[in-house]
Structure formats: C-alpha cells, structure tokens
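User: I would like to go through this model at the level of its pockets, helices and domains. Could you take my questions in turn?

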Amino acid sequence: MRRIHHVGIVIRDLAAAYRFYRDTLGLPLVKEARLPDQGVRAALLAAGETEIELLEPLDASSGVGRFLARRGEGLHHLCLDTPDIHAALGALKETHVELIDTAPRPGLAGQIAFLHPKACCGVLVELATPAEDTAAEPSPVRLKRLVVGARDVKQTAGVFRSRFGLTEVAMNDGPRTMLGVGRGAILIVPSEEVGGTEGMVALSLVAEDFESLMAAFDRASTKCLRGTGEVTVEPESSHGVHLHISRYE
Ligand code: CO
C-alpha cells in the first residue's frame, strides 16, 4: 500500500460540507461526480498526499443513505492506494478475507474494491488503483493520521499488518500502536480511550499556516477547542468528524 488514498466521510449535503471542508479548512476540490451504482454524489478534496472524500447519499435506501440514517454524519471508510488492485484482491482472496467486491470496479478514485468491515475489525476499507499518477494538489492542511479505536490494539494492528503489509512505526511502549502508510499513519488506540468506539474515530491534520486557519475558523464561527499550537474542531462544525489540527513543525 503506497499511501492513504482518502478517508470517506458521509455528509447530509455536499454544499454545506463544502462550506467547511473547502471554504473554511481550505482543501482544494479535486473532483466531484455522481456515482449512481454507489448511490452517492461524491467529491474528493486534496489534503496533502491524501484526500478527503465527501459522500452525499442520492436516496435514503442506498448503503450510504442507511448509514446516514443510522449513525448520522461522520467517518465512513478508509481507502488505501495500491499499485495493482487485481494482485491485491487476489492475495486477499487467497487468505479468505471477506470482500464486498470480488472484482475491481470503476469509482471516483480509479479502479476500486471494498473489503467487508468484518475483515478489518470494524473499519470499512476500500482499495484503489488510481487511473494515472497525478501530482498531489498543494493544500494548506494535510492529513497526518487516522485514529482507530480497538478492543484489542495488538490484534487489530496485526490484522492491518497482515492484510496490507503495513509496518509499525517506532513509538514509546504503551497501549497504542502506529502503523505507517506512505507519509501518513494509522494510530490504533484502546477503544476505552475513545468512548468505547471501535473503528475509525478521528483524523489528525497539520496546518501549514495555523494563524490563518484560526482566522478562517473565526470568520466561519467554527466551533472548536483551542490550545497552543493545536485545535480540536467540534463534530457539529465538521460534519460528525473529530478533527485534531496541529501547527506545522
Ligand atoms: Co472512497
């Protein structure tokens, strides 16, 4: 896996989500399309070497529509960039990993396939092989890591390591495990640290110009908790997503 291609977020209304993610946070829009087979209108916004995918259901009966009704807005899936999706799916099939898509299909990110959430400890994982190598669009804020809650951190880390060949990034001994993916990382924490949640719980981002971002939050009346050099956006302002943003170092 070369990098986190994107993190998918289910939102109620794309226009409203653009106001926060594109206009306030400043993530450049890469592309937007209607994907009737997935029942969504979807948009990709650049966030460093990674992207944020916003998913608005086209109707209440689609998978994403049902997710929105059941869970509300928030983190939905993790997409990993693999150079050869046919080979990656073949290897997963050989080890009997549960898949939603047994063959790649066209999606917003290129040729894509979803694994079953049961296959990755409650995290819905998408694999994507982009059509061509496009240079990442410069963005003032970049995604640093995805935080995943796990009942058993070592076991969940083991599943991600064996499924996707991720390697552990050196950390102090402790209850957490960090797995590197490209320049980003997946941080696995005990679910009791994150209100009992298993699966994706938060995103950590880095802002190149922290002061400008704080000024943008002021103008937009973004609800957040500010510390020195870091800010946590309240999920009601970020469409159900816990966002930790720190100053670039
Ligand atoms: Co996706």
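The questions and answers below concern a predicted model.

User: How many residues line the largest pocket, and which element gives the most to the lining?
Analyst: This pocket has a volume of about 1,100 Å³, and its lining is made up of 46 residues, with Phe67, Leu75, His76, His77 and Met200 the closest to its centre. At least two lining residues come from each of several elements, including strand S4 (50-57), helix H2 (63-71), strand S5 (74-81) and strand S13 (199-207). With 6 residues, the element that gives the most to this lining is H2.

User: Which domains supply at least three residues each to the lining of the largest pocket?
Analyst: The domain assignment of the chain gives two ranges, 3-129 and 141-246. At least three lining residues are drawn from each of domain 1 (3-129) and domain 2 (141-246).

User: Which elements give two or more residues to the lining of the second largest pocket?
Analyst: About 430 Å³ of space lies in the second largest pocket, whose lining divides into 9 nonpolar, 5 polar and 9 charged residues. Of its 23 lining residues, those nearest the centre are Arg3, His5, Glu51, Glu132 and Thr134. The elements that give two or more residues to this lining are strand S1 (3-10), strand S2 (29-35), strand S3 (40-47) and S4.

User: Why can the buried residues of H2 be said to line one face of the helix, and which elements are included in what covers them?
Analyst: In H2, the buried residues are Val64, Gly65, Phe67 and Leu68. Seen down the helix axis, the buried residues of H2 fall within an arc of 160 degrees, so they line one face, while Ala69 and Arg70 are exposed on the other side. The cover over the buried residues of H2 includes S1, S3, S4 and S5.

User: Which residue follows H2, and what is its phi?
Analyst: The residue that follows H2 is Gly72. The phi of Gly72 is positive, with a value near 80 degrees.

User: What arc holds the buried residues of helix H3, and which residues are exposed on the face turned away?
Analyst: Helix H3 (residues 85-94) has Ile85, Ala88, Leu89 and Leu92 as buried residues. Viewed down the axis of H3, these fall within an arc of 95 degrees, so they line one face of the helix. Among the elements that cover them are strand S7 (110-114), strand S8 (125-129) and helix H4 (153-164). On the face of H3 turned away from the buried side, the exposed residues are His86 and Glu94.

User: Is Ser191 buried or exposed?
Analyst: Ser191 has its place in the loop between S12 and S13. Leaving aside neighbours within four places in sequence, Ser191 is in contact with Gly149, Ala150, Arg151, Gly196, Thr197 and Glu198. The relative accessibility of Ser191 is 7%, and since buried means under 20%, Ser191 counts as buried.

Technical notes
Residues numbered from 1 in each chain as written. Predicted model: local features only at pLDDT ≥ 70, side-chain atom pairs only at ≥ 80, totals over all residues. Heavy atoms only, no water. 1 Å grid on protein atoms, 1.4 Å probe; cavity = no way out; pocket = protein on both sides within 12 Å on 5 of 7 lines; lining within 4 Å. Points joined across faces, edges and corners; volume = space filled by probe spheres on them. Helix = DSSP H or I, 4+ residues; strand = E, 2+ residues; numbered from the N terminus. Domains from an automatic or database assignment. Nonpolar A, V, L, I, M, F, W, Y, C, P; charged D, E, K, R; others polar. Buried < 20%, exposed > 50% of the residue type's maximum accessible area, 1.4 Å probe, protein only. Arc of directions from axis to C-beta. Contact = heavy atoms within 4.5 Å.
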